[in-house]
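Q: I'm new to this one. Can you put the structure up and walk me through it, starting with a pair of helices?

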Amino acid sequence: MSLPPTFVKDFHYEEDVKRMEYNVLGSTNMKVSRLSIGGATLCSSFYGQLDFEEAKRTVHEALKRGINYIDTAPYYGQGESESNIGKILKGIPRKAYYIATKTGRYDATGPGQFDFSYERTLRSVDESLRRLGVDYIDVFQLHDVEFADSIDNVLSGAFRACLELKEKGKIRAIGINGYPLSVLKEGLIKGDGKFDTVLTYGRFTLFDDSLLDYLPFFNEQNVGVIAASAHGCGLLTNRGGPKWHPGKEGLKSIVAEAAELCKLNNVELGKLATYHLINVPGKVGTILLGMEKMEYLNQNLAAYQNGLTENEKQIYEKLMKT
């Protein structure tokens, strides 16, 4: 198997890199690893207090083992995730990774929460470059566009700025992301073929397969598809979701029963959820997963490289039937 362009001799574990699948991300020239690092867990805002040193060791190990794509956003901890990633990547060869961040969503509350204007986007990219400590961003994404007044406003403001930033070389590719798949489709259509990636989260999980209805369209558009949140924002794990989780109580109750079944059988629900998303039918460029702890990195790689044990398969099949 040929080595990816991100391979760096004496940095990577070559045999591990050879075990990783790399996909060309849409119409870009980026060859991204099948598994990638989601930055929402690399801050202390969403999933509990971050152990920075553990996160640093884990991300370094993930990169050495062939994972080459990291996704973050200014919204994650109001810049904390970007700043942490910048510190983590200091000293790592720039060739070894692709970095993706976002624009348009910034604060948790208040009037500055969303801003898809042309001017704010130009400021946003410079803020992200500074926090990340890089000279360019590989993928710059319009974040949670469903909260804008309209897709048309996003395109005339933030998207127009992104086109200029791409021309100047500050960013290499432009992406769109959000939760409602119909809004992403509208954005791609109105973007007239100028979007490079689409990021969707929580849309191919153990309780939601709606991505399959839109994946053929995304593939027809030749955009790189990034699928995130295998665990439904932390819900599909034995430890359960965070207090802020927006899921309905009925769903939470069903998932809690699934987690209890897993615990009784010495199975981690999170591994089953990871395995499920990794095996999504259809063309997906990369799977974004939280990896702030070595335990999670090893669990994700085990699901990818080794699949499920017989015991895990039995529980997985049982859950898929219910």
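A: The axes of helix α9 (residues 269-278) and helix α10 (residues 294-305) come within 9 Å and cross at roughly 45°. Axes are lines fitted to C-alpha atoms, for helices over the stretch in contact, with angles from 0 to 180 degrees between N-to-C directions. That angle makes α9 oblique to α10, because angles under 35 degrees count as roughly parallel, over 145 as roughly antiparallel, 65 to 115 as roughly perpendicular and the rest as oblique.

Q: Which residues of α9 and α10 make the contact?

A: From α9, Gly270, Lys271, Thr274, Tyr275 and Ile278; from α10, Gln299, Asn300, Ala302, Ala303 and Tyr304. Contact means heavy atoms within 4.5 Å.

Q: Is this an experimental structure or a predicted model?

A: This is a predicted model, where local features need pLDDT of at least 70, side-chain atom pairs count only at pLDDT 80 or more, and totals for chains, interfaces and linings use all residues. Residues are numbered from 1 along each chain as its sequence is written, and side-chain values use heavy atoms, leaving out hydrogens and water.

Q: How are helices and strands picked?

A: They are DSSP runs numbered from the N terminus: helices are H or I with at least four residues, strands are E with at least two.

Q: Back to α9. How many of its residues are buried?

A: Nine of the ten, so α9 is largely enclosed by the rest of the structure. Among them are Leu269, Leu272, Ala273 and His276. Buried means under 20% relative accessible area, exposed over 50% and partly exposed in between, with a 1.4 Å probe and protein chains only.

Q: What covers the buried residues of α9?

A: The cover includes β3, β9, α8 (249-264), β10, α10 and α11 (310-321). α9 lies across β3 (35-38), β9 and β10, and runs at about 165° to β10.

Q: Now the strands. In what order do they close into a barrel?

A: Eight strands close up in the order β3-β4-β5-β6-β7-β8-β9-β10, with parallel pairing. Neighbouring strands of this sheet are turned by 30° against each other on average, direction ignored. Two strands pair if DSSP finds at least two bridges between them.

Q: How many bridges join β9 and β10?

A: Three, between strand β9 (residues 224-228) and strand β10 (residues 286-290). Ile226 stands opposite Thr286 in β10.

Q: And β7 with β8?

A: Four bridges join strand β7 (residues 171-178) to β8, in parallel. Gly175 has Thr197 of β8 as its bridge partner. Four of the five residues of β8 (residues 197-201) are buried, so this strand is largely enclosed by the rest of the structure.
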